[in-house]
Amino acid sequence: MKVRARATASRPAVRPPPEAPPALEQAAMAARAGAYAPYSGYAVGAAVRSASGKIFTGANVENASFGLALCAERVAIAQAVNAGERRLSAVAVVTASEPAAAPCGMCRQTLAEFGGDDLEIILVSTSGKRLKTTLGALLPHAFRPAALGK
Ligand SMILES: [Zn+2]
């Protein structure tokens with residue numbers, strides 16, 4: 001005899017799939033498709049959430065003069081800042097790396113301009129594995145505008 005689970009009032013009738021990535025991660029994954037990485041072949045997508053709740057995205061943009069490459073994180077940050085945002089609450093970065101790659105030092109410093117030690121950073125692999133950390137963990141004792149009296 002089969003026993004069926006009984007629905008209760010506290011359980012919603014429809015649940016999202018348990019593995020569905022949150023909107024910020026989905027935005028970063030979609031942004032990755034726009035990467036311009038003909039030299040490294042290493043596509044990166046990033047999405048930042050501003051303190052006002054808006055999401056801005058970016059992908060890496062390489063250059064034949066390698067040192068001019070723009071990281072996905074800084075492209076996304078620039079989009080947010082250009083829209084008038086000055087405070088970030090979360091960042092998602094998507095790469096094909098296992099484990100998922102973390103922002104480079106330059107991007108960590110750029111994030112420190114617009115986020116505190118508690119800035120949530122979500123590192124996502126295209127396989128779906130993720131690691132959550134914070135800017136404070138990735139860049140302790142960051143140099144911030146306060147050091148310049150700002
Ligand atoms: Zn970077």
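## Helix 2 and its surroundings

In helix 2, E73, R74 and I77 meet C107, T110, L111 and F114 of helix 3, where a contact is a pair of residues whose C-beta atoms, placed from the backbone, lie within 7 Å. Helices (H or I, at least four residues) and strands (E, at least two) are DSSP runs, numbered from the N terminus. This is a predicted model, in which local features need pLDDT of at least 70 and side-chain atom pairs count only at pLDDT 80 or more, while totals for chains, interfaces and linings use all residues. Residues are numbered from 1 along each chain as its sequence is written.

**Overall layout**

- The protein has four helices and five strands, and from the N terminus on they follow the order α-β-β-α-β-α-β-β-α.
- Of the 150 residues, 31% are buried; that label takes 20 or more other C-beta atoms within 10 Å of a residue's own, whereas 12 or fewer make a residue exposed and anything in between partly exposed, with C-beta atoms placed from the backbone.
- Among contacts with a separation of 6 or more, 59% join residues 24 or more positions apart.

**Helix 2 and helix 3**

- The axes of these two helices come within 9 Å and cross at roughly 25°, which makes helix 2 roughly parallel to helix 3.
- Axes here are lines fitted to C-alpha atoms, for helices over the stretch in contact, and angles run from 0 to 180 degrees between N-to-C directions; under 35 degrees counts as roughly parallel, over 145 as roughly antiparallel, 65 to 115 as roughly perpendicular and the rest as oblique.
- Helix 2 passes helix 3 in a left-handed crossing, meaning that the near helix is turned anticlockwise from the far one by less than a right angle.
- Helix 2 spans residues 72–82, and its buried residues are A72, E73, R74, V75, A76, I77 and A80.
- Their cover includes helix 1 (23–32), strand 1 (45–50), strand 2 (55–59), strand 3 (88–95) and helix 3 (105–114).
- Just after helix 2 comes G84, with a positive phi of about 100°.
- M106 sits in helix 3 and is exposed, because it has 12 other C-beta atoms within 10 Å.
- Although M106 and C71 are 35 residues apart along the chain, their C-alpha atoms are separated by 8.9 Å.

- Five strands make an open sheet with mixed pairing, in the order 2-1-3-4-5; two strands pair if DSSP finds at least two bridges between them.
- Strand 2 and strand 5 (130–134) stand at the edges with a single partner strand each, so one side of each has no neighbour in the sheet.
- From one strand to the next, the twist averages 15°.
- Strand 1 and strand 2 run antiparallel, joined by five bridges, and A46 has G58 in strand 2 as its bridge partner.
- Helix 1 lies across strand 1, strand 2, strand 3 and strand 4 (120–125), and runs at about 140° to strand 1.

**The nonpolar core**

- The largest nonpolar core has 35 residues, of which A28, A46, A47, A72, V91, A92 and V93 touch the most other members; such a core is a set of buried Ala, Val, Leu, Ile, Met, Phe, Trp, Tyr and Cys residues joined through C-beta atoms within 7 Å.
- Helix 1, strand 1, strand 2, helix 2, strand 3, helix 3 and strand 4 each give two or more residues to this core, and strand 3 supplies the largest share, six residues.
- Beyond its neighbours within four places in sequence, V91 contacts A46, V48, E73, L111, L119, I121 and I122.

How values were computed. Contact = placed C-beta atoms within 7 Å.
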